[in-house]
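Reader: I have a model open and want to learn how to read it. Can we go feature by feature?

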Amino acid sequence: MTYRYGTSGEDWRQILINRCALFQGLAAESVERAIAHPVLRSFPANHVIVFENDDGASIHFILQGWVKVRTHNLDGKEITLNLLSQGDLFGEMAALDAIPRSTDVITLESTHICSIPAQDFLDLLRVEPMAGIHLCQLLAFRLRQVNRRLRLREADSMARLVDVLLFLVDGQGTSEGTGWVIPAFPHRELSSFSGLARETVTRVLRKLEKKGLVLRDREVMRIPDLASLEALVG
């Protein structure tokens, strides 16, 4: 069965091969073996794809859409740990250490997922050393992002929200002329990701708009001068 997404006409295999860093530069036959038993599913917005403490029987790849990786603190407050989009994968940690999942993964919009058995993922790592390197690079990238957020946790509200916007540029930003475009997430999601109150997020975004550093449309945010935005976090 062929699934097609967006306007590019790519089917699910092309998206995995062309957009997922894990498969870049690997032998075609190795990739085909890894994705030989796919489960293709579509989810509406605000749907939990995996729950904390689920087993790690599958690895999931995003074909289209956005998801958030979520946990809760001891007081029950939601904490967004990551935001993932097309080409990203999740569930790799539970597959690697055979321990139940440590977070929930929830869709932020209509999202299409390709899941493969964890064993096929592990077999790929055994036969393709470069796949292991790609996975290590992905985990290192995510760890650097977490470290950056921790470094700024005592910073002022402006720096913390700007860091979230830079995180989105770094992960899924699209260049547009001399600037960048990122999704215009609801303020509640930016609040959960930054650790700021929703009212604070709204106030800081207004300040950034007045400075001309962020231009908001209904579905996207435009950042005309990335260097000026970066200067706000030092």
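This is a predicted model: local features need pLDDT of at least 70, side-chain atom pairs count only at pLDDT 80 or more; totals for chains, interfaces and linings use all residues.

Reader: How are two packed helices described?

Author: Two numbers do it: the angle between their axes and the distance between those axes. Take helix H5 (residues 129–151) and helix H6 (residues 157–172). They pack at an angle of about 165°, and their axes lie 11 Å apart. That angle makes H5 roughly antiparallel to H6, because angles over 145 degrees count as such. The crossing of H5 past H6 is right-handed.

Reader: Which residues of H5 and H6 make the contact?

Author: H5 brings Phe141, Gln145, Arg148 and Arg149. H6 brings Asp163, Leu166, Phe167 and Asp170. By kind, the residues of this contact are three nonpolar, one polar and four charged.

Reader: Now the strands. In which sense do E11 and E12 pair, and over how many bridges?

Author: Strand E11 (residues 174–176) and E12 pair in the antiparallel sense, over three bridges. Look at Thr174, which stands opposite Val181 in E12. The two strands form a hairpin with two residues between them. Gly177 sits in the turn and has a positive phi of about 65°.

Reader: What other strand does E12 pair with?

Author: Strand E14 (residues 220–223), again antiparallel, over four bridges.

Reader: Is E12 enclosed or open?

Author: Strand E12 (residues 179–183) is largely enclosed by the rest of the structure, because four of its five residues are buried.

Reader: How many residues of helix H7 are buried?

Author: Seven of eight, so count helix H7 (residues 187–194) as mostly covered. The buried ones are His187, Glu189, Leu190, Ser191, Ser192, Phe193 and Ser194. Gly195 follows H7, with a positive phi near 80°.

Reader: Last, the sheet. What is the order of its four strands?

Author: E4-E9-E6-E7, an open sheet with antiparallel pairing. Strand E4 (48–50) and strand E7 (78–84) stand at the edges. Each has a single partner strand, so one side of each has no neighbour in the sheet. From one strand to the next, the twist averages 35°.

Reader: What joins E4 to E9?

Author: Two bridges join E4 to strand E9 (residues 104–107), and the two run antiparallel. Val50 has Val105 in E9 as its bridge partner.

Technical notes:
Residues are numbered from 1 along each chain as its sequence is written. Side-chain values use heavy atoms; hydrogens and water are left out. Axes are lines fitted to C-alpha atoms, for helices over the stretch in contact, and angles run from 0 to 180 degrees between N-to-C directions. Angles under 35 degrees count as roughly parallel, over 145 as roughly antiparallel, 65 to 115 as roughly perpendicular and the rest as oblique. A crossing is left-handed if the near helix is turned anticlockwise from the far one by less than a right angle, and right-handed if clockwise. Contact means heavy atoms within 4.5 Å. Ala, Val, Leu, Ile, Met, Phe, Trp, Tyr, Cys and Pro count as nonpolar, Asp, Glu, Lys and Arg as charged, and the others, Gly among them, as polar. Buried means under 20% relative accessible area, exposed over 50%, partly exposed in between (1.4 Å probe, protein chains only). Two strands pair if DSSP finds at least two bridges between them.
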